[in-house]
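My entries follow in the order I made them.

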Amino acid sequence: MTIFNSINVSASALNAEKTRIDIITKNIANSKTTRTTGGTPYRRQMAVFEENKTNIFREHLDEKLNKINPGGVKVSKIAEDDSPFKLVYEPGHPDANEEGYVEMPNVDTVKEMVDLISAQRAYDSNITAMNTSKAMLMKALEIGRG
């Protein structure tokens, strides 16, 4: 385990949370999009996180040497939410069916805002962890000089 692992883990989390924030923002922006290029309403997207295992050989070597090698986190895929679309009665809408109902995206703005706050707090926490690691490294350097 190197002295920079904690910073690398925090940096990978910052990248993952930024992607999550971008996806949430895209969901909110498309919350009223009733027709995409596929002809259907916009479908909500979600970021799926997983452990970042960048070097399988190193992982096995560290396991045998009883070392901890944190790899951080990464976005493994962007998944679509398969919950049903909302039906809203708007007979004058161009995408309304024969009964006057429009299929609206399966995006709940309140849920997206809660997810956005959660992602922002996780982002802030990782910045704090990175700054703390940096401060500890700087203090270790000062101790080494003295």
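I note that the model is a predicted one. I looked up Tyr101 and got a relative accessibility of 35%, so it counts as partly exposed, since that class runs between 20% and 50%.

Entry two, ring pairs. I searched for aromatic pairs and the count came to one. The pair is Tyr89 with Tyr101, with 5.3 Å from centre to centre and 65° between the planes. I logged the pair as edge-to-face, because planes over 60 degrees apart fall in that class. Tyr89 sits in strand 3 (residues 86–89) and Tyr101 in strand 4 (residues 101–104), twelve residues apart, so I noted a link between distant parts of the chain. For Tyr89 I read a relative accessible area of 51%, which means it is exposed, the cut-off being over 50%.

I stayed in strand 4, where Glu103 lies. Its relative accessible area is 41%, and I recorded Glu103 as partly exposed. Which residues does Glu103 contact, leaving aside neighbours within four places in sequence? I found Thr34, Pro41, Phe85, Lys86 and Leu87.

I placed Asp82 in the loop between strand 2 (73–80) and strand 3. Is Asp82 buried or exposed? I read a relative accessible area of 70%, so Asp82 is exposed. I then checked Asp82 against Gln45: the C-alpha atoms are 9.3 Å apart, and the two residues are 37 apart in sequence.

Note on methods. Residues numbered from 1 in each chain as written. Predicted model: local features only at pLDDT ≥ 70, side-chain atom pairs only at ≥ 80, totals over all residues. Heavy atoms only, no water. Phe/Tyr/Trp six-rings, centres within 6.5 Å; stacked < 30°, edge-to-face > 60°. Helix = DSSP H or I, 4+ residues; strand = E, 2+ residues; numbered from the N terminus. Buried < 20%, exposed > 50% of the residue type's maximum accessible area, 1.4 Å probe, protein only. Contact = heavy atoms within 4.5 Å.
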